[in-house]
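Please keep the sequence and the structure in view while reading.

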Amino acid sequence: MKRLGFALVLWASASLAMETQVLPKGTWMVDLAYMRSTIDKQWDGERRAVSLIPEMPRYEPGGGLQGILRARPDATFHFLLLQVMYGLTDKLSLAVYLPIVLDTTIQTNLSWEPGDYQSQLGRAYSEDDFWAWAASMGQPRVPNVWSGNHGRISDIILGARYLLPQFEWMKSSGFRWAGTLQVALPTGSNLDPEEAVSAGTNLWELHAAGTIEAHLSADQPFLEDDGVSRGNVGADLFYAACLPRRYTSGTGATNPLLTNAAPYVGETYWIDGGDWLGGTLSVDVVPIIGPTRATIVSGNSLEKAKTLPPLLTLSLAYTHIRTLQSYWNGDSALWAWDREKLWQPGEKNLVKGTVTLSFLRVGLPLQVYVSYRTQDLIPGRYTRPANVLTAGIRTVLKFW
């Protein structure tokens, strides 16, 4: 029998936000957000939505079909995300991104399709018959709900963004471009190899970001209004390297029919998730600039206050990501391909909308935002679409 565990694709991209934003020297930005991510399907090679776990036909030894065991998992992650950014110089900012998983819940949604007529029973196997047979071999019934990852850390990300030099034509038009490098530390956990259903918290489990990412971003403001841009077009090109990660094979100690891979896979195996190449196009619109005051936030300067973010900003972004072939490296080539075929070269299509309220222009160093990101609008291939709701608050601080 195949294991019911699976990798989840739930987390939004962890790249530093706001395309080319850097902080003034000596300035801190602290961002705290709650995120709810859900997933219940994956895209196949024909862009069709299929279950996260392939169906499992079961056969009588040397006989006919017992039946087909199906699962349609529905998983929900709750995150607390802390990002701290610091302006080392006016052009170079450093950041630390700390994702904490508050809770993970997986609804297995198991079902059974009866197979062939069994003469010894006088009927086809029922679902209870199947699990009774499994129990006779020491395999407990898979629970309807699994919950875990309470307060576990995912991979911590370190980032640096540098505002690239501006040529004269860039200065006159307001065009900015920046390079960003981010590196993920292996602080997240792998899924439990002995559980029939489980999920880990590392970036491959979440399919959220690469181990090392390089970004080239640009912003072009438009519709100037009293020194404030009423709109902005942003772009970001990036390459993400997903370095191999080692996993421990299940021994079947708890679930002998579902997690007994070690005898033929080896005690450990490696997953090379396949690199990504992607790009983002975004549009920001400012419907309300809001009142502007000279306060301590702007150094008591009305002129500087006019350069601060407007009261209300609406943003819409589209991200396209090409994913390369994944590789499972263990002692069994058949076992490896059984997993690799679900993660062949594919693509993701993400659409994200954000509403941001900023109170910096009135003297309160605070921004509040809500965003929703979906991969359901435009089907992808060989990827797993997550819907992500985020609500956060950020503040800007300077201590000297």
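Is Leu32 buried, partly exposed or exposed? In this predicted model, Leu32 is partly exposed, because its relative accessible area is 39%, a value between the limits of 20% and 50%.

**Surface patch**
- Leu32 belongs to strand E1, which covers residues 27–39.
- Together with Tyr34, Leu80, Leu102, Leu357, Val368 and Ile393, Leu32 makes a nonpolar surface patch of about 500 Å².

**Nonpolar cores**
- The largest nonpolar core has 37 residues, and those touching the most other members are Leu69, Phe79, Trp131 and Val142.
- At least two residues of this core come from each of E1, strands E5 (65–71), E6 (74–87), E7 (92–107) and E8 (110–114), and helices H1 (127–135) and H3 (203–206).
- E6 gives the largest share of this core, with four residues.
- Tyr247, Ala261, Val265 and Trp335 are among the ten residues of a second, separate core.

**Positive phi angles**
- Most residues other than glycine have a negative phi.
- Arg47 has a positive phi, near 65°, and sits in the loop between strand E2 (42–43) and strand E3 (49–50).
- Arg47 is partly exposed, with a relative accessible area of 36%.
- Asn149 also has a positive phi, near 60°, and is found in the loop between strand E11 (145–148) and strand E12 (152–153).
- Asn149 is buried, because its relative accessible area is 6%, and buried means under 20%.

Note on methods
Residues numbered from 1 in each chain as written. Predicted model: local features only at pLDDT ≥ 70, side-chain atom pairs only at ≥ 80, totals over all residues. Heavy atoms only, no water. Patch = residues over 30% accessible without salt bridge, like charges linked within 9 Å, V, L, I, M, F, W, Y side chains within 5 Å. Areas by Shrake-Rupley, 256 points an atom, 1.4 Å probe, with all protein chains shown as cover. Salt bridge = Lys/Arg side-chain N within 4 Å of Asp/Glu carboxyl O. Buried < 20%, exposed > 50% of the residue type's maximum accessible area, 1.4 Å probe, protein only. Core = buried A, V, L, I, M, F, W, Y, C linked by side-chain atoms within 4.5 Å.
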